[in-house]
Each structure stands twice: as structure tokens, then as C-alpha cells.
Amino acid sequence: MSPPGQHARAVLSARGLVKIYEMGEVAVTALSGVDLDLYEGELVVLLGASGSGKSTLLNILGGLDAATSGDVRYREHDLTLADDEHMTRYRREHVGFVFQFYNLIPSLTTRENVALATDIADDPMSPEEALALVDLGDRMDHFPSELSGGEQQRVAIARAIAKRPDLLLCDEPTGALDYLTGRVVLSALARINRELGATTAIITHNAPIARMADRVIHLSGGRIRAIDENPDKLAPTEISW
Amino acid sequence: MSALATKLRRDLGRMVGQGLTIALVVACGIASYVTLQSAYASLLAARDDYYASCRFADVFAHVKRAPESLAARIADIPGVALAETRLVEPVMLPVEGLSEPATGRLVSLPRSGEPRLNALVLREGRALDASRPDEVLVLESFAEAHHLEPGARLPVVMNGVLRSLQVVGVVLSPEYVMAVGGGAGQEFAPDALHFAVLFMGRDAMAPAFDLAGAFDDVTLRLEPGASERDVRAQLDALVAPYGGVGSVGRSRQPSAFFVDNELSQLDSYATVAPMLFLGVAAFLVNVVLSRLVHLQRPQIATLKALGYGRARIGAHFLELVGAIAALGCVAGVALGAWLGRGTLGMYAPYFRFPSLAYRLDARIAAAGVLVSLASAALGALGVVARVVRLPPAEAMQPEAPPTYEPSLLERLGVARLLSTEGRMVLRELTRRPLRFFFSVAGIACGVGVVVVGGFTFDAFDVILDLEFESAERHDVAVSFTRPVPASSLRTLAAMPGVLAVEPLRVVPVRLRSGHRFHETALVGHPAGAELRRVVEWPWHVAPVPDDGLMLTDMLADKLGLTVGDSVTLEVLEGDRRTRTAQVTALSREVFGMMAHMELGALHRLVGEEPVVSTALLRTDPADEAGVDARLKRLPAVASVGKRRQVIAQFERQTAETMRITALVLTLFGCAIALAIVYNNARIALSVRGRDLATLRVLGFTRGEISAVLLGELATHVLVAVPPGLLVGRALSGFMMANVDAELYRMPVIISGATYAFGACVTLLAAMGSALLVRGKLGELDLVGALKARE
């Protein structure tokens with residue numbers, strides 16, 4: 001699995017990742033030996049069926065979970081044996097997350113949800129700026145219960161990118177959305193990848209979405225089965241599923 | 001075991017901490033009920049048994065002097081089953097160790113030694129020997145306070161003559177269950193020290209009071225169904241010509257009155273205290289069950305889809321609550337039985353019953369259990385009703401996201417001052433104002449209960465300060481065997497080691513106004529007295545008027561007198577003449593039903609030379625032993641009392657009772673605060689777990705997210721503290737309102753330290769339980785929280 005020539009530097013490297021969940025007396029292997037590099041500024045789609053290990057991989061890469069064995073490096077930092085404090089700082093400073101179920105704080109308005117991230121970041125953009133990037137400049141003072149699903153997801157994206165993360169990790173960002181709304185959300189992600197240059201990884205089980213990626217990583221059974229380069233990537237508006 | 005029963009068991013297993021804390025509050029509630037009710041019932045039974053077995057009289061009447069022949073006419077009054085005449089006379093006892101002589105009663109016993117009414121119980125020694133006129137039996141409370149044993153000799157001033165009497169036995173009397181004389185002047189805790197009751201053969205006693213062939217007191221037993229009112233009216237008419245002062249029924253007999261008063265106090269506490277705890281328990285059940293039901297919506301839907309009926313599902317949740325409440329009941333009854341026994345033990349030194357056995361009636365326990373279960377059910381009712389009404393299809397859907405809006409404070413612009421986390425806390429509070437209110441009210445109750453515990457100490461300090469620091473400022477009180485000329489004080493003043501001397505004249509009197517009367521001590525103070533002053537609440541020295549009587553306002557109330565009125569005054573020593581005096585001032589003293597006069601005015605009123613009964617000394621601390629020795633050598637000195645010893649005695653008597661009460665109340669108050677904060681915290685964690693995990697994912701540290709969680713809890717507690725202090729004050733006031741004004745009037749003063757203690761203890765209990773929950777923040781499942789809605 002050699003890196004494509006146009007991407008020079010690996011931001012995140014994983015080697016020999018194994019993740020085994022002990023569920024009582026049964027051990028379930030979620031990842032069995034994954035090697036992976038993510039390069040600066042690229043947009044990667046991790047494609048796989050349910051149970052293929054893609055969420056587990058994303059959680060380990062994002063510092064939410066630790067591998068049973070194997071190494072993860074973020075630039076010059078070794079995350080493999082990092083303690084809770086280091087993992088927290090890694091997430092705080094470098095990683096933006098977007099979740100399938102948005103995970104907005106219901107008691108905070110749109111602007112305040114984004115401010116949650118900007119309050120603790122070193123060099124954030126303003127919440128207003130972040131929300132403008134996802135076209136929500138006019139919904140700043142609404143609470144989550146007053147927003148549609150697509151709008152909530154875009155708030156979540158604004159919250160993830162407001163800190164200018166190096167890595168933007170998205171777990172099924174369109175999973176809870178209808179087709180049209182999903183496209184709006186994907187457009188926002190593509191635009192941010194383009195304009196901010198954040199390395200972006202999107203998990204999906206929805207194959208057509210892969211056509212917007214620079215690279216597509218196919219997972220199944222806890223292994224990477226193939227990595228496809230996509231020289232003719234499409235804009236999300238050109239994709240349909 | 002049915003599947004539903006298994007679910008119940010597992011649900012309980014998962015909420016052990018919450019279940020236990022709720023059970024704890026239920027236990028406190030039922031324990032307070034069982035404690036107070038069982039102590040009440042035990043005292044009531046002891047009282048009734050005692051009154052019955054000792055033939056406690058139904059009607060009491062005192063006269064000045066009536067011929068014995070009147071006895072037969074009294075016995076003939078319709079409705080009278082039995083009439084017994086006797087002699088009851090006031091005496092003074094200049095006992096060693098007291099600053100002022102003890103006052104008391106000398107009561108005659110018939111020749112047989114066994115009165116037909118108001119029989120005595122011999123606790124120690126033997127009965128009177130009719131052939132020995134100087135023998136007396138002494139009431140146990142006084143004997144204990146002065147360590148008197150059979151064989152001891154006792155100085156007693158009988159009709160102005162000092163005699164030395166021999167104690168041959170120690171007894172209990174149903175007329176003196178509580179050793180109160182109905183006006184000896186010292187009606188609070190150290191009664192036993194200052195109030196004596198002696199029993200003497202009537203043949204020996206009559207000549208000393210010039211009452212041979214006569215009686216001055218009669219007690220009656222009524223026939224079943226007889227009207228006390230009618231009998232008393234006829235009796236009063238019969239004895240009026242002989243100086244009758246109006247009969248009283250058993251309910252107004254002084255000891256019986258105080259016992260009944262104490263019992264009704266217990267009874268009213270037994271209602272209020274449990275209500276407080278069970279109210280809190282109902283609130284907690286409501287909050288915890290609401291959360292559980294919220295979490296179990298899909299399960300409830302599934303059960304309904306499977307065909308479980310509404311009643312069965314409702315019962316399932318009630319069983320859960322019932323199990324928790326039942327645990328509280330078992331613990332509460334056990335704790336209540338233990339504390340009840342202890343409470344009864346605290347009464348033993350004050351209530352002199354021949355036997356005071358603790359009994360826990362099954363009906364009391366059952367009533368406590370029923371009330372507790374009912375309060376838990378009350379808390380559960382609304383929630384269970386929601387459950388059974390929930391349509392299955394709707395329950396399958398996740399509940400709609402909670403709706404928030406900017407709070408009023410934010411619209412006023414306050415929120416700009418708050419951080420994002422601060423705003424989360426604020427909105428969480430304002431979104432559920434009712435829950436916030438009840439939570440605050442509950443914690444406030446906890447604070448209040450702790451404050452009441454501290455109040456008993458403050459009250460004690462006030463008594464000490466008023467009586468022993470502000471009012472009595474002498475070091476030594478010297479009592480004389482009989483009043484001595486005021487000039488003899490010069491001898492004392494000249495004595496080495498004596499820095500100052502002041503005279504005091506104490507005359508036993510009966511004050512009468514119309515049909516009302518009261519026996520008390522009339523105290524004569526020298527003008528400008530420094531060593532013994534009349535101190536009013538709050539710390540104001542009331543000057544004794546140059547002329548006329550100054551009564552405590554409680555005594556004036558009792559006699560229906562006010563400034564300017566005249567009062568009849570019978571001097572109960574010497575020539576026992578009746579005088580009239582004018583009330584020229586009232587004092588607001590905390591204790592007692594006392595009368596004060598200027599010394600010279602008193603001499604003029606009584607018609608005596610300037611004499612003193614007590615000398616108050618201020619002495620040089622460096623020469624204490626020398627002063628003692630020199631005083632003992634003086635011939636007319638009956639006793640030398642040290643103020644310090646009296647204080648120590650008072651502290652010994654009350655301190656332990658107060659410490660235990662305060663400890664129990666503090667623990668109960670903490671239990672409330674702990675239970676509420678812990679459950680609030682667990683629920684906040686459960687409701688907000690997903691939010692908190694999201695914040696962690698966004699890079700917030702554990703410390704930062706605990707600020708969000710604990711900030712909310714801290715707000716509840718901090719908001720609850722000020723009203724809690726007020727609740728404490730109100731509860732203390734309630735306690736005092738239940739004390740009869742004739743006993744004492746305690747100002748509800750609560751020190752800053754007590755308030756601070758109440759606040760701090762509650763805050764600590766709250767912090768303790770919050771920290772327990774904070775530990776759980778480490779267990780937040782970051783990955784799981786992101787997967788799906790709960």
C-alpha cells in the first residue's frame with residue numbers, strides 16, 4: 001500500500017492495529033492488523049459494511065479509543081501509549097469530529113455549541129465564521145430542537161472545524177439524513193476540506209459517496225481490503241444515491 | 001421467578017446507590033416517627049400505670065386552716081368516692097452547696113404511714129417510725145441531686161424555725177413525677193437541686209404549724225362518671241370560709257400538667273418531624289423514578305407490545321419503589337426502636353416513674369410503615385400514571401429532544417457574564433423549575449434540621465449567659481440559718497479575701513389576685529445591686545423599682561395583673577400575715593415566675609427589721625480556700641454556695657442530653673442533604689451523560705466537564721442554604737412554641753456559629769456525595785455515547 005505520489009507527508013500513520021473487544025467469555029476482533037496513512041489535505045472515504053471495523057478504526061485514529069496492539073502516530077507524536085491527558089489534548093488541539101447523531105448539546109444555541117469548541121482551542125475562527133462556512137449564519141441563536149436534522153449536522157460540522165483542526169473525522173455524517181440534506185452536508189465537508197486544507201476522513205457504508213474522495217479505503221472483516229485512488233473526484237452535488 | 005420479577009431485581013441492582021440513599025431518608029422519617037411515638041406511648045403507659053397503682057387523686061384543694069370535722073362533709077359531696085385531708089406546708093432548706101436555699105413542701109402522712117390517695121413508692125430506706133417525730137422521707141429527685149441517703153440529716157426551716165430532720169427513706173410520689181412546685185421560682189432544668197418535697201408524720205408535723213385537729217389540704221378521688229366541675233364547685237363552696245384558694249383538677253395539678261405538656265410536645269414533634277423526611281423521600285422517589293421510566297421507555301413499549309396490561313406494568317414500577325421503601329422501613333423501625341429507648345432514657349432523670357419500661361407497640365411500627373409506604377407511593381404516582389398511559393408506538397420512538405430556551409436571567413443580559421458551561425448550568429436549572437424548587441426545598445430542610453440541633457446548644461449558652469453571667473455575678477453565696485441583721489454583713493466585708501458583699505432577702509410568698517394565685521419567692525434587692533441583677537431578654541438590666549413589686553411578665557399574665565394593679569401577698573413564714581402591694585414594674589426575664597422588690601421596701605412591707613437571708617460575695621480567686629475556711633467558722637452560716645459549682649451541675653445535667661439530640665439531628669440533616677445531592681448528581685449524570693461525553697470528545701478535560709455537572713449541583717445547594725437557615729429558625733421557633741410559657745420563655749436566638757455549622761455540614765455532605773458521583777465521570781463511555789441516542 002504505497003502512498004500516492006502527489007501526497008508528500010503522512011499526517012497520521014497506523015501500523016499493525018488490532019482491536020479485540022472482550023465481551024464476557026467471547027472475544028470479538030474488530031480490527032486485525034490495519035496499516036494506514038492519512039496525508040495532509042486529502043479527503044478519504046472509509047467504505048465498509050456494518051461491522052467491518054471502520055468506526056473502531058476512526059475512534060482509534062481520533063484518540064477516543066486505544067488499540068489492543070499496534071502503533072498510531074500523529075506527525076511526530078506517538079499516540080499508542082498516550083494517557084488520558086495526552087489523548088484529551090490531542091483531540092482538543094488537532095481533531096474535529098462529526099457524528100452520525102450530531103451530538104449537539106440541547107441546552108446550547110447554535111452559536112454556543114460552536115463556542116464550546118472555540119472556547120478551548122488555541123487559534124480558532126469565530127463561531128460566526130465557522131457557521132458562515134456551513135451556511136448557517138442566520139440560525140445562530142436557535143436551539144437544536146428548533147433545527148432540522150441537516151442543519152443540526154451542519155452545526156456539528158461548524159463545531160468540528162471552528163478550531164481549524166488538522167484532522168476532520170466524520171462517522172456516517174449523512175447516516176441520519178435524507179438524500180438531499182445529506183448532499184448539502186457533504187458539500188459543506190468538501191468545501192471545508194478544500195478551503196481549510198484539513199485532512200478529512202469520512203466513514204460511510206454508502207458506496208456512491210466514495211466518488212467525492214481522493215482515496216477510497218475498503219474495509220471488511222477488520223482489514224483493509226483495497227485502497228483506490230480517485231483521480232476524477234466529483235463534487236457532492238454531482239453524486240446521487 | 002417471573003421475567004418481570006427478574007427485571008425488577010436487576011433494575012434494583014443497577015441503582016443500589018440511589019436506592020440506598022432514598023431508603024436512608026425513608027428510614028430517617030420512620031425512625032423519627034417511631035422514636036417519638038414509642039417514647040410517647042411508653043411515657044403515657046408509665047404515667048397511667050403509675051397514677052392507677054398509686055391512686056393519684058382527681059381533685060386537689062388547699063385551704064388555710066380547716067377543722068378536721070369538715071372532712072366528713074367533703075366526703076359526702078355527691079360524686080366523691082374518697083376524700084383525704086392532710087397538711088402541706090412550704091419549707092425552706094438551707095442546704096450546703098446552694099446559693100439560695102432550696103424551697104419545698106412538707107407533706108403529712110397519716111398515722112398508718114400509707115395514704116389512701118397519692119401513695120408513695122419507697123425506693124430506699126424504710127417507712128417513717130411514728131414514734132420518732134424528726135424523721136422524714138425525701139423525694140428521690142432532690143435526694144439524688146444532693147446525694148442524700150437514709151441516715152442523712154437535713155436542715156429544714158419549718159414555719160421560721162430551723163430544724164434538723166433525719167432522712168430515713170427516699171420515695172417517689174405521683175404528685176411529683178416532675179419535681180415542680182407550681183411556683184418555687186426555679187422551674188427549669190435544675191429543679192431537682194432547688195425543689196424538695198419531704199414527707200413527715202402528721203402528728204409530728206401538726207404542732208410545728210399550729211394545725212393540730214385541722215387540715216390545710218384535701219385530695220379527692222371521684223366516682224366513675226362524676227362531673228369534676230360540679231364536685232369542685234361544691235368543694236370550693238365548702239372550703240371558702242377556711243381560706244380555700246380554689247381547687248384544681250388533675251389536669252392542672254402542677255406535676256401532671258408538666259408531664260401532660262411534655263407528652264403533647266412529643267406528640268406534636270412526632271407528627272412534624274416525620275412529615276419533613278417523608279416529604280423529601282416522596283420527592284426523591286419521584287425524581288429517580290421519572291428518570292428510570294424515561295430510560296425504560298422502549299422497554300415499557302416492548303412490554304405493552306408483548307401484551308402486559310397497564311395494571312401489571314404500573315404495579316411493576318410501584319414494586320420497585322415499594323422495595324426501596326420497605327428497606328427504609330425495616331431500617332427505620334430498628335433505628336427508631338433504638339433511638340426511642342435512648343429518648344426514654346433521657347426522660348428518666350426528669351420524669352420520676354417507679355418503672356419506665358420501653359415498649360414499642362406494633363401498631364406504632366405499622367402506622368410508621370404505612371405512612372412511609374404511602375409517601376413513597378405518592379412520589380411514584382404521577383410517574384406511574386404517565387407510564388400506564390404511554391401508547392406503545394410512541395414509546396418505541398426516542399423521546400423528542402428536550403426543548404430549551406433562554407432563561408429570564410439571560411433575557412435580562414446576565415448570561416453574558418457567564419461562560420458557555422455556566423449557561424448550560426443555568427438553562428438546566430430553569431428548564432425544570434419545579435424540580436429545582438423541590439430539590440432546594442429538600443436540601444433547605446436538611447440545613448434546617450442541622451440548625452435545630454445547634455439551636456439547643458445556643459439556647460443553653462443563652463441560659464448560662466443570662467442567668468449565670470449577667471444576672472448572678474457573685475462568686476460565693478452565703479445562706480444563713482435564719483435571717484440575720486443587715487449589720488452583720490460588716491463582719492463578712494471585713495473578712496480577708498472578700499472583695500465585695502451584697503445582701504439578699506428571700507421571702508416565700510403566695511401572691512393572689514381574685515381567684516388566681518401563685519406561690520413564689522419574693523426577692524429583696526439592695527438599691528444599685530451589682531452581684532445579683534434582674535436581667536431581661538435581650539441582655540438588659542431591669543432596675544428594681546424603689547417602691548412596689550416588680551413581677552416577671554409571665555407571672556403577671558398568670559395572675560391577670562398589670563402595672564398599677566394591687567396584689568394580695570401572703571407571707572409564708574413568720575406571722576404569715578396578708579399584705580397588699582402594688583405592681584409598679586414588669587420584667588421580661590426568660591425564666592421563672594418571680595417577684596422582686598427593693599430591699600428597704602420589702603422590709604417595710606413585711607414589717608421587719610433590716611435583715612438578710614443570703615449574702616452574696618465577690619472573692620479574691622487567690623484566696624478561695626481561705627475564704628471557705630473562714631466562712632465555715634461563722635455560727636449563723638447554713639451553707640456556702642459557689643456559683644461555679646452550680647454552673648457545673650447545670651452543665652452536667654443538660655449537656656449530655658443536648659449533645660445526643662444535636663448529634664442525631666445533625667446526622668438526620670446530613671442524610672437528607674446527602675440523599676438529595678447524590679440522587680440529583682446521579683440523575684444529572686444519566687441525563688447529561690451523552691452531552692458530557694460529547695464535550696470530552698471535543699477535547700474538554702475531566703475537570704472541565706465536572707465543572708458543568710458539579711456546577712449544577714452546587715447551585716442547588718448554595719441556593720438552598722439561606723432558606724435552610726430560615727427553616728432552621730422556624731423549626732426552632734416551633735419547638736419553643738410547644739414549650740409552655742409557664743415553664744420558661746426561650747428566645748429563639750441562633751448564633752452565627754450555628755448557622756455556619758448548619759451550612760458547612762450540609763455543604764460537606766453535599767460535596768461528599770457529589771465526589772462519589774464525580775468518580776463516575778471517569779467511566780463515561782465516549783465511544784458509546786456517540787453511537788446512538790440512549
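This is a predicted model: local features need pLDDT of at least 70, side-chain atom pairs count only at pLDDT 80 or more; totals for chains, interfaces and linings use all residues.
Buried residues make up 47% of the 790 residues in chain B. Chain B contains 23 helices and 22 strands, and its C-alpha atoms fill a box of roughly 100 × 60 × 50 Å along the principal axes. If we take the contacts in chain B between residues at least 6 apart in sequence, 84% of them join residues at least 24 apart.

Let me turn to chain A. Here 50% of the 241 residues count as buried. The secondary structure of chain A comes to six helices and 10 strands. The C-alpha trace of chain A spans about 45 × 40 × 40 Å along its principal axes. A compact globule with 241 residues would have a radius of gyration near 18 Å, and the 17 Å of chain A agrees with that. Of the contacts in chain A with a separation of 6 or more, 70% are accounted for by residues 24 or more positions apart.

I will take the sheets of chain A in turn. One is an open sheet of four strands, in the order β2-β1-β4-β5 of chain A, with antiparallel pairing. At its edges stand β2(A), residues 26–39, and β5(A), residues 77–78; each has a single partner strand, so one side of each is left without a neighbour in the sheet. Strand β1(A), residues 10–23, pairs with β2(A) in the antiparallel sense over 11 bridges. To locate that pairing on your screens, look for Tyr21(A), which stands opposite Val28(A) in β2(A). Helix α1(A), residues 54–61, lies across β1, β2 and β4 of chain A. The helix runs at about 120° to β1(A).

The other sheet I wish to describe is also open and has six strands, ordered β6-β7-β8-β3-β9-β10 in chain A, with mixed pairing. Which strands stand at its edges? They are β6(A), residues 95–98, and β10(A), residues 223–229; each has a single partner strand, and so one side of each is left without a neighbour in the sheet. From one strand to the next, the twist averages 20°.

Within this sheet, β7(A) and β8(A) run parallel and are joined by five bridges. Leu167(A) stands opposite Thr199(A) in β8(A). Helix α5(A) packs on the sheet, where it touches β6 and β7 of chain A, and its direction makes about 175° with that of β6(A).

Four bridges join β6(A) to β7(A), and the two strands run parallel. Val98(A) has Cys170(A) as its bridge partner in β7(A). Are the residues of β6(A) that point either way buried or exposed? Val95(A) and Phe97(A) point one way, Gly96(A) and Val98(A) point the other way, and all are buried.

Why does Glu229(A) count as partly exposed? The reason is that Glu229(A) has 13 C-beta neighbours inside 10 Å, whereas a buried residue needs 20 or more. The C-alpha atoms of Glu229(A) and Val98(A) are separated by 24 Å, and the two residues lie 131 residues apart along the chain.

Next, helix α6(A). Its 18 residues, 179–196, should span 26 Å at 1.5 Å a residue, and its end C-alpha atoms are 25 Å apart, which agrees. The buried residues of α6(A) include Gly182(A), Arg183(A), Val185(A), Leu186(A) and Asn193(A). What covers the buried residues of α6(A)? The cover includes the strands β3, β7 and β8 of chain A, together with the helices α4(A), residues 127–133, and α5(A), residues 149–161. Just after α6(A), Gly197(A) takes a positive phi of about 75°.

Finally, the interface. How many residues of chain A are in contact with chain B? There are 23, and they are in contact with 23 residues of chain B. Helices α2(A), residues 84–94, and α3(A), residues 110–119, each supply at least two residues of the side of chain A that touches chain B. Helix α3(A) gives the most to that side, with five residues. By class, the side of chain A that touches chain B has 13 nonpolar, five polar and five charged residues.

Conventions. Residues are numbered from 1 along each chain as its sequence is written. Chains are lettered from A and ligands numbered from 1 in the order in which they are written. Two residues are in contact if their C-beta atoms, placed from the backbone, lie within 7 Å. Ala, Val, Leu, Ile, Met, Phe, Trp, Tyr, Cys and Pro count as nonpolar, Asp, Glu, Lys and Arg as charged, and the others, Gly among them, as polar. The radius of gyration is taken over C-alpha atoms; the globule rule is 2.2 Å times the number of residues to the power 0.38. A residue is buried if 20 or more other C-beta atoms lie within 10 Å of its own, exposed if 12 or fewer, and partly exposed in between; C-beta atoms are placed from the backbone. The expected span of a helix is 1.5 Å times one less than its number of residues. Two strands pair if DSSP finds at least two bridges between them. Axes are lines fitted to C-alpha atoms, for helices over the stretch in contact, and angles run from 0 to 180 degrees between N-to-C directions.
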